[in-house]
Structure formats: structure tokens, C-alpha cells
Amino acid sequence: MTIKQLRAKQHKERAAKRKVQREAARTRKQARVARRREKRAIKSAPKRSLKQWSLDVMERDNNCCVVCGAKAGTRKDKHGNIKVFKSGPRKGQPIIVPLNAHHLLDKNLYPEHKLKVICGVTLCVINHKYSKFSAHKGGLWFSEWLKINRPAQWKWAVENMGSEE
Ligand SMILES: [Zn+2]
């Protein structure tokens, strides 16, 4: 074999090796992209279904706060005027009290129940988080309210709390 032929042979071998490496790299990249895509799908799927869960809970409760009956929208004072922000960056704009769907069993502690409609109640933000008799700040009061006004849901929640492990 002449030196020329030998070089040509080595060149061919190196080219073949590079081709294999390129293909392997391409496969790894495709796998990486697929993994990333799958991760993103897992991340965004629960969010979308939580939104749907929230809509389902509100629909069952006729889109009203179960405690005070408030509907989402603007608020009026006793003279019938729409309540507006009195200060701050939104001064003069109407105050809109949104409705939330509240989880009776915490969605992080009980992920297996977080998409069940029985696990939710519709509350205005005041009764959900802000007032001292809200579901979040006045848990004891809210539990009593639920026991009297939503006995089936209260029973379900208590039965599904599980035991301390
Ligand atoms: Zn309310």
C-alpha cells in the first residue's frame, strides 16, 4: 500500500467515525429536546386543569361566594355608587372583588384531591384570605361554617384528611 493509499484509507476511516459521532450527538440532542418538551408539558398541564377545576367549582356554586353571596364584579356603597380606590396607583378605578375557588384540603399536601370539585368552595377574596373570619385566617371559624352549611363537603374533607404518618 502506498503512502497515498494509506492516507486515503485513514481519511475515510476518520470521516466514518465523525459521521457516527455526529449521528450520536443528533440522537442525544433529540432526546434532550423531547425530555424538555415532556417536562414543560407536565409543568403546564396541572395549571390548565386547576383553572378548569376552579371554573367547575364556581359553576357549581352559581358563581357566588358561598359565605356572603357576592358575585365577582364591582362593589357598590350604601348610596349605590360604585366603590373606587381612594388612593394609590389605581385611585379612581372601580374596586373589583374577584372570586376564588378555595381548596378544603391543601393542594400541595393533598395533590390527589386537588382536581376534585368536592374539594373546593367558591369564596370572594375577603372570605378567602383577608378577613379574620376567612378560610385562610380563620380556619376554625370556617370549619364550623362548613360543617353547618356544607355538611357533605365538610364530612368528605374530614374523612380524607388521612392520618399523621
Ligand atoms: Zn364572600
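Guide: The protein has four helices and four strands, counted as DSSP runs (H or I, at least four residues, for helices; E, at least two, for strands) and numbered from the N terminus. This is a predicted model, where local features need pLDDT of at least 70, side-chain atom pairs count only at pLDDT 80 or more, and totals for chains, interfaces and linings use all residues. Residues are numbered from 1 along each chain as its sequence is written.

Visitor: What pattern does the protein follow along the sequence?

Guide: The pattern reads α-β-β-β-β-α-α-α. The protein is more spread out than a compact globule, because its radius of gyration is 30 Å, well over the 15 Å that the globule rule gives for 165 residues. That radius is taken over C-alpha atoms, and the rule is 2.2 Å times the number of residues to the power 0.38.

Visitor: And how many of the 165 residues count as buried?

Guide: 16% do. Buried means 20 or more other C-beta atoms within 10 Å of a residue's own, exposed means 12 or fewer, and partly exposed is in between, with C-beta atoms placed from the backbone.

Visitor: Is Arg150 buried, exposed or partly exposed?

Guide: Arg150 is partly exposed, with 17 other C-beta atoms within 10 Å. Arg150 lies in the loop between H3 and helix H4 (151–159).

Visitor: Next topic: which residues does Leu123 contact?

Guide: Beyond neighbours within four places in sequence, the contacts of Leu123 include Cys65, Leu99 and His128. Contact means C-beta atoms, placed from the backbone, within 7 Å.

Methods
Two residues are in contact if their C-beta atoms, placed from the backbone, lie within 7 Å.
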